[in-house]
Amino acid sequence: QVQLVESGGGLVQAGGSLRLSCTASGSIFSINRMGWYRQAPGKQRELVADIPSGGSTNYADSVKGRFTISRDNAKNTVYLQMNSLKPEDTAVYYCNAELALSPLNILNNYWGQGTQVTVSS
């Protein structure tokens, strides 16, 4: 069984910073892509940023230059450093990981439970 556990959400004033963390645990053989999505009330879930096991990162236009995604493969952990936060960044942030449970390398998507980020104006 695989679990993705997020932490680091909270309430912050506009212009402030938060750092989200997400650790994958369980019977994991390998992790391909890891990423962060968010969902604001009344809106669809959207990609914020993702990072493959090798290669360049990818960001939503709305967060470029403000957010930085990184990962520690030894710890099966992905981070999202969020700077210059805006009220429109308010949402539930979800961790996502594309991973394999065996050497067959069949990839499946897993989600964390979500962590609330609220940015006050």
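Which residues of the largest nonpolar core touch the most other members? In this predicted model, the answer is Trp-36, Leu-80, Met-82 and Tyr-93, out of a core of 29 residues. I shall begin with that core, and then turn to the sheet, the disulfide and the salt bridges.

At least two residues each come from strand 1 (2-7), strand 3 (18-26), strand 4, strand 5, strand 7 (67-72), strand 8, strand 9 and strand 11 (115-120). Strand 9 gives the largest share, namely five residues. Beyond its neighbours within four places in sequence, Met-82 is in contact with Gly-16, Ser-17, Leu-18, Leu-20, Arg-66, Phe-67, Tyr-93 and Val-117.

Let us now consider the sheet that contains strand 1. Four strands build an open sheet, and their order is 1-3-8-7, with antiparallel pairing. Strand 1 and strand 7 are the edge strands, each pairing on one side only. On average, neighbouring strands in this sheet are turned by 15 degrees against each other, direction ignored. Between strand 1 and strand 3 there are six bridges, in the antiparallel sense. As a point to locate on the structure, Gln-3 stands opposite Ser-25 of strand 3.

Which strands pair with it? One is strand 4, which pairs with strand 9 in the antiparallel sense over eight bridges. Here Trp-36 stands opposite Cys-95 in strand 9, and Trp-36 is also among the core residues that touch the most other members. Another partner is strand 11, which runs antiparallel to strand 9 and is joined to it by three bridges; Ala-91 stands opposite Val-117 there. A further partner is strand 10 (residues 107-111), paired with strand 9 in the antiparallel sense over five bridges. In that pairing, Ala-100 faces Leu-107 of strand 10. The hairpin of strand 9 and strand 10 has six residues between the strands, and Asn-105 takes a positive phi near 60 degrees. Strand 9 as a whole is mostly covered, for nine of its 10 residues are buried.

I come next to the disulfide. A disulfide is a covalent bond between the sulfur atoms of two cysteines. The structure holds one, and this disulfide joins Cys-22 to Cys-95, with the sulfur atoms 2.1 Å apart. Cys-22 belongs to strand 3 and Cys-95 to strand 9, so the pair ties together parts that lie 73 residues apart in sequence. Both Cys-22 and Cys-95 are buried. Is this disulfide left-handed or right-handed? The torsion about its S-S bond is about -80 degrees, so the disulfide is left-handed.

The last topic is charge. Side chains of opposite charge can pair when their charged atoms come close. How many salt bridges does the structure hold? There are five. One of them joins Arg-33 to Asp-50, whose closest N and O atoms are 3.4 Å apart. This pair links distant parts of the chain, since Arg-33 is in strand 4 (residues 30-39) and Asp-50 in strand 5 (residues 46-51), 17 residues apart. Arg-33 is buried, at 15% relative accessible area, and Asp-50 is buried as well, at 11%.

Another salt bridge connects Asp-89 with Arg-38, the closest N and O atoms being 2.9 Å apart. Asp-89 lies in the loop between strand 8 (77-82) and strand 9 (91-100), while Arg-38 lies in strand 4, so this pair ties together parts 51 residues apart in sequence. Is Asp-89 buried or exposed? With a relative accessibility of 1%, Asp-89 counts as buried. Arg-38 is buried too, at 6%. Setting aside neighbours within four places in sequence, Asp-89 is in contact with Arg-38, Arg-66, Phe-67, Ser-84, Val-117 and Val-119. Moreover, Arg-38, Glu-46, Arg-66 and Asp-89 are linked in a network of salt bridges.

A further salt bridge is formed by the side chains of Lys-64 and Asp-61, with N to O at 3.1 Å. In this pair Asp-61 is exposed, its relative accessible area being 65%, whereas Asp-89 is buried at 1%.

Key: Residues are numbered from 1 along each chain as its sequence is written. This is a predicted model: local features need pLDDT of at least 70, side-chain atom pairs count only at pLDDT 80 or more; totals for chains, interfaces and linings use all residues. Side-chain values use heavy atoms; hydrogens and water are left out. A salt bridge is a side-chain nitrogen of Lys or Arg within 4 Å of a carboxyl oxygen of Asp or Glu. Buried means under 20% relative accessible area, exposed over 50%, partly exposed in between (1.4 Å probe, protein chains only). A nonpolar core is a set of buried Ala, Val, Leu, Ile, Met, Phe, Trp, Tyr and Cys residues joined through side-chain atoms within 4.5 Å. Contact means heavy atoms within 4.5 Å. Two strands pair if DSSP finds at least two bridges between them. Axes are lines fitted to C-alpha atoms, for helices over the stretch in contact, and angles run from 0 to 180 degrees between N-to-C directions. A disulfide is a pair of cysteine sulfur atoms within 2.5 Å.
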